[in-house]
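Here is a friendly walk through one model, from its surface to the way its chains meet. Have a look at it first, and then read on.

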Number of protein chains: 2
Amino acid sequence: MKRIALDLMGSDKGPEELIKAVESFINKYQDVTFFAVGKKEKIDCLKGKCELVYADDVLGMEDGALEVMRKKEASMLKAVSLVAEGKADAVVSAGSTGGFISSCSIKLRLVKGVERAALVSPFPKSNGDKVVLLDIGANNENNASHLVNFAKMGRVFASIYLDKKDLNLYLLSNGAEEKKGSPVVKEAHQMLKDKNFAGFKGNMEARYVMNGDADVVVCGGYEGNIFLKGSEGAIKLFSNLMKDAFKSSIFSKMGYLLSRKGFAKMKQTVDYKNYGGAILLGVNGVAVKAHGSSDARCFESAIKLAYQMLDLEMLKKIKEDVAND
Amino acid sequence: MKRIALDLMGSDKGPEELIKAVESFINKYQDVTFFAVGKKEKIDCLKGKCELVYADDVLGMEDGALEVMRKKEASMLKAVSLVAEGKADAVVSAGSTGGFISSCSIKLRLVKGVERAALVSPFPKSNGDKVVLLDIGANNENNASHLVNFAKMGRVFASIYLDKKDLNLYLLSNGAEEKKGSPVVKEAHQMLKDKNFAGFKGNMEARYVMNGDADVVVCGGYEGNIFLKGSEGAIKLFSNLMKDAFKSSIFSKMGYLLSRKGFAKMKQTVDYKNYGGAILLGVNGVAVKAHGSSDARCFESAIKLAYQMLDLEMLKKIKEDVAND
């Protein structure tokens with residue numbers, strides 16, 4: 001039985017959407033016990049379907065480590081605590097990213113051998129494959145040793161998640177050449193080279209992350225955030241322009257009607273709601289950060305991600321690999 | 001008369017494409033004197049149309065400051081030197097970015113009051129406007145004072161280039177809140193706030209750069225490179241998926257035929273070839289870095305950018321504004 005704790009108070013869209021996700025998931029998978037955490041009046045509708053854990057408080061979107069220490073009654077804290085106490089194995093929340101990283105780091109602690117936790121997420125590629133990028137925003141500043149640590153976790157994650165043996169791993173940089181990169185990237189490059197790190201292929205420019213042969217791309221959390229959000233913004237711009245193009249004349253509107261089936265698949269590929277969210281790697285527990293504006297479909301993808309991580313025994317494999325390295 | 005020096009040897013596509021661009025430009029604008037710099041056998045076809053300056057050597061794509069000091073016969077160096085010697089007012093090259101920044105910094109020197117030169121480029125926005133981003137890659141590492149300097153240059157550039165008085169200027173960061181950002185961004189934020197820097201609106205996440213109310217976004221060169229290349233990659237992914245969608249069935253192919261007129265405008269908006277390249281702000285001369293894989297259309301846009309900069313007296317205004325601040 002998989003035991004998953006759900007913070008139902010975090011999404012901008014309200015707990016109702018997240019509750020729909022839980023109900024839908026329960027109908028599809030029988031081997032899960034859910035702990036639903038949230039305000040009594042919001043979550044009582046799940047009585048009989050989930051273990052209910054009442055929490056009167058909610059972390060704000062700007063709350064960080066300090067508020068995490070203070071707001072002990074917050075739903076996110078209570079959900080994470082269920083994992084820390086061994087009652088659940090995974091936690092999913094759509095609440096504040098900063099709060100989630102702080103809660104997990106404080107309550108779950110880091111896996112032995114891990115210097116910093118990292119947020120990881122799969123991204124779509126032009127050829128239909130996926131690429132795994134980390135850290136996409138758990139850290140504000142990283143040193144070279146952190147990046148090497150992320151490379152280790154990323155390699156384990158990708159080999160299991162993408163089910164692939166020979167992985168191509170790159171460092172995100174401002175040029176493919178060895179001498180390119182920030183001082184931190186240059187140092188990490190040298191460290192990975194000195195280690196003969198399996199699969200390490202060198203530096204990669206941001207433009208090839210989703211259009212090249214990379215399975216894993218490693219970067220600091222700050223650069224990862226800019227890459228992730230910048231790509232989202234570019235895709236938003238492109239979608240808006242595409243909508244305008246289809247609306248521009250009666251012919252293009254007819255064109256849309258004829259071609260929309262082809263576009264359904266495309267939408268599925270680039271729509272972040274299908275990816276559910278990001279996984280915080282390196283803490284003692286499966287921790288999935290769902291998108292802050294999660295609707296039912298998005299939160300269900302996030303729950304599924306947690307379910308897959310338990311199914312694949314991701315945490316066990318990270319522990320074995322990173323500790324033994 | 002505007003005097004522009006052209007390095008015709010830099011593009012991956014070969015000098016023939018760049019020569020086409022020069023010929024096309026000459027047919028449209030009469031108030032320009034061009035200095036064509038390159039190998040004799042390649043550029044002699046421009047005899048009578050341009051002042052010819054022969055250069056036997058070419059900078060490689062990986063060449064940096066050291067090679068710039070050594071390869072005195074390289075076409076890029078000779079083109080930049082024409083500006084340094086006062087024979088030309090602007091230089092355009094599609095060669096190595098690192099080489100171009102080094103050549104310009106060494107030969108043209110920095111404008112008084114400028115700490116570091118910065119590459120600036122306009123980006124399209126969802127609403128049809130443009131946003132100006134700097135530095136998109138002239139620097140590998142920046143401190144807070146550099147970012148404040150970029151903000152000053154960016155403000156002058158945008159007010160002239162976008163022809164707009166009340167500008168919204170932001171710092172690129174990993175969150176909109178004041179306390180978010182790398183240590184350098186946090187310090188720059190405080191400095192701009194202390195100065196009551198006109199138009200400074202705070203931090204901006206990468207996802208809103210092309211979808212928000214920013215006219216100028218300031219960032220370090222490393223982050224700027226990741227933003228620029230990441231966005232290019234995302235748009236490439238999206239274009240590929242769109243092509244697949246239109247090809248997916250006979251209906252969608254018909255849909256494409258009906259709607260393609262609407263897509264022509266969209267292509268124009270996102271196609272980097274229409275933007276020509278980036279401008280290196282802060283050196284004593286107009287310096288335009290065209291895309292490394294410039295074809296005729298792209299290089300002509302780059303020449304036009306140099307022409308506009310001269311027309312708008314950009315350098316004079318940067319000198320006045322930054323020195324007097």
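## A nonpolar patch

On the surface, A:I250, A:F251 and A:M254 make up a nonpolar patch with about 320 Å² of accessible area together. Patches join nonpolar side chains (Val, Leu, Ile, Met, Phe, Trp, Tyr) within 5 Å, from residues with over 30% relative accessible area and no salt bridge; areas come from the Shrake-Rupley method with a 1.4 Å probe.

A:F251 sits in helix α9 of chain A, residues 250-270 (a DSSP run of H or I, at least four residues). With 49% relative accessibility, A:F251 counts as partly exposed, that is, between buried (under 20%) and exposed (over 50%).

## Basis of the model

This is a predicted model, in which local features need pLDDT of at least 70 and side-chain atom pairs pLDDT 80 or more, while totals for chains, interfaces and linings use all residues. Residues are numbered from 1 along each chain, chains are lettered from A, and side-chain values use heavy atoms.

## How the chains meet

In all, 54 residues of chain B contact 54 residues of chain A (heavy atoms within 4.5 Å). Between the chains there are four salt bridges (a Lys or Arg side-chain nitrogen within 4 Å of an Asp or Glu carboxyl oxygen). B:K229 and A:E205 meet in a salt bridge at 2.3 Å, N to O.

Technical notes. Patch = residues over 30% accessible without salt bridge, like charges linked within 9 Å, V, L, I, M, F, W, Y side chains within 5 Å. Helix = DSSP H or I, 4+ residues; strand = E, 2+ residues; numbered from the N terminus. Buried < 20%, exposed > 50% of the residue type's maximum accessible area, 1.4 Å probe, protein only.
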